[in-house]
Amino acid sequence: MIDIAKLREDPEAVRENIKKKFQDHKLPLVDEAIALDKEYRETLTKASEYRASKNTISKSIGALMREGKKEEAEAAKAKVKRINDDLPALEEKEKQVGEKLKEIMMQIPNFIDSSVPIGEDDSKNVEVERFGDAFVPSYEIPHHADIIERVNGMDKLSAGRTSGEGFYYLLGNIARLHEAMIAYARDYMIEKGFTYAIPPFMIRSSVVNGVMSFEEMDAMMYKIENEDLYLIGTSEHSMIGKFQGQIIKSEELPIRMTSYSPCFRKEGGSHGIEERGLYRVHQFEKEEMIVLCEPEDSMKEYEKMWRYTVEVFRNMDVPVRQLECCSGDLADLKVKSCDIEAWSPRQKKYFEVGSCSTLGDAQARRLGIRAKNDRGTYYLHTLNNTVTASPRGLIAVIENNYNEDGSISIPHVLHPYMGGKKIIEPKN
C-alpha cells in the first residue's frame, strides 16, 4: 500500500506507475481514491469539531448552573443532545468511507524501482548473470519422476488415494536428500547471521491481507472452513506477520531471520497441477529468509539476499542464473524482484527455484510495522527470499548430479546430512 500523501501530491506519478505495470484497468482507482480521501478528511474534520464542541459545551453546563443561568444551561444541554443525535451517523460515515478508501488503496500497486525493466509479462524478464557452467552430458537424462522411481523414492499413486492430485510421498534416500537440502540451507543461513525460526503454519486474514494482494490471496491460499485461518503459502507470510502492530527500536535493525515451513498452494489457473512429477504441487517445504531494515538499506540487503541463494545452489553443484523480473511480472506489493533459476540438463533450459523481493514499506503500512528513533516513528522496509524449496530444488539437484548408470551423486555439502552417504544407487 503506497503512502496516500504521494497520491495527493502527485496522482499522475501513481497513474504512470500503474501503466508501467500494464494494469490500466486500475487507473480509475486513482480518481476514486482522491475523491474518497477528500470526503474522508472532511468527515473526519467535521466529526472532530463535533466532539470538541460537545466537550466544550458540556464543561460549561456546570458553571452556568452554578451561576444561576438556568436557561443558558438548558440551551447548552439541548446543543449537546443535538450533537449526540448527529454524531453517531457522522462517525459511522467516517468509518465506512475510511474502510472503502483503505480497500481501494490496497488495490493500487506499489511504486516499482527505476531499475525494473518494463514488460507486460514474464516473457520480458531479463537475464542478468549466470553462475556455473550449464552442462549437458553425453548420455540421456530421464524425467525426474523416472529417476526418482528407479531409486524407489516417490509414490504419487498412494498420495492420489489419500489426498488427490498434486500430492506425493517421498521415500527412502530421496526423502533424506530432500531433508538434507533443507537442513543445509538452514545451517548456511544461520552461519550468515540469520536467526532461525519455525513459524505458525496458519495465519489470520489480517496477516494475509497485510502480506499480499487480494488477487494473490484468491489464487494461492487455502482457507480453513469456519475459521479465520489460512494455510501459509510460504513462511514469509507468518514471519512478517510476527511483527504486526509492533514498534521496533531503530538500533535493533536490521532484523534478519530464516525460517522453515511446509507451504500450501492451490496452484490453479493456466499452469494447473502436474499429473506426473514434482514440479508443480499443492504442498512443498521451504527454507526462507526475511529482512526488516531501514528504508535506505533495503537495496543493499536485497543484493546480499539473492546471492545467498546462488551460493547455496552452487554448493550443491547446480548451475543457476539470476533473472530480473519485469514490471508486469511484479506482484502489486513488490518494488523490485528477481528469480533464481536452476539449470535443467534434461530440458536444456533454466527453471525457477527461488525468488527474492523487496517490498519497500508496503507490507509495513498494511500491518502497522514501524521503527522508532530519536526523530519519531516511521515505516520500515521488508524483504523476503527463498533459500531453497523442495521439491523444485530437489529436481535441480537430482538432474545435475545424475549419472549414466542411473545413480545420483550426493553433493559434498550434503554428505553430513545423509549420514556420510555419497551416492544413491538405483534399485533392481
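Predicted model: local features only at pLDDT ≥ 70, side-chain atom pairs only at ≥ 80, totals over all residues.
User: Which residues does UniProt list for "binding site"?
Analyst: The listing comes from an unreviewed UniProt entry. Under "binding site", that entry gives Thr 234, Arg 265, Glu 288 and Asn 384.

User: Is Thr 234 buried or exposed?
Analyst: Thr 234 is found in the loop between strand S7 (230–231) and helix H10 (235–241). Its relative accessibility is 3%. Buried means under 20%, so Thr 234 counts as buried.

User: Which residues does Thr 234 touch, not counting residues up to four places away in sequence?
Analyst: Two of the residues touched, Arg 265 and Glu 288, are also in the UniProt listing for "binding site".

User: What is the relative accessible area of Glu 288?
Analyst: Glu 288 is found in strand S10 (residues 283–293). Leaving aside neighbours within four places in sequence, its contacts include Thr 234, Met 257 and Asn 384. Glu 288 is buried, and its relative accessible area is 1%.

User: How many aromatic pairs does the structure hold?
Analyst: A pair of aromatic rings is described by the distance of the centres and the angle of the planes. Rings pair if their centres lie within 6.5 Å. The number of aromatic pairs in the structure is 8.

User: Are the rings of Tyr 184 and Tyr 417 stacked or edge-to-face?
Analyst: The ring centres of Tyr 184 and Tyr 417 are 6.4 Å apart, and the planes are at 65°. Planes over 60 degrees apart count as edge-to-face. The pair of Tyr 184 and Tyr 417 is therefore edge-to-face.

User: How many residues apart in sequence are the parts that Tyr 184 and Tyr 417 tie together?
Analyst: Tyr 184 lies in helix H7 (residues 172–191). Tyr 417 lies in the loop between strand S17 (408–409) and strand S18 (423–424). The pair therefore ties together parts whose separation in sequence is 233 residues.

User: Which helix holds Tyr 308?
Analyst: Tyr 308 forms an edge-to-face pair with Tyr 188, at 6.2 Å centre to centre and 75° between the planes. Tyr 188 lies in helix H7, so the pair ties together parts that are 120 residues apart in sequence. The helix that holds Tyr 308 is H11 (residues 298–315).

User: Which residues do ring pairs link into a cluster?
Analyst: Among the members, Tyr 184 is buried at 9% relative accessibility, and Tyr 417 is partly exposed at 26%. The cluster consists of Tyr 184, Tyr 188, Phe 194, Tyr 308 and Tyr 417.

Terms used:
Residues numbered from 1 in each chain as written. Heavy atoms only, no water. UniProt positions renumbered as here; feature names shortened; annotations may be inferred. Helix = DSSP H or I, 4+ residues; strand = E, 2+ residues; numbered from the N terminus. Buried < 20%, exposed > 50% of the residue type's maximum accessible area, 1.4 Å probe, protein only. Contact = heavy atoms within 4.5 Å. Phe/Tyr/Trp six-rings, centres within 6.5 Å; stacked < 30°, edge-to-face > 60°.
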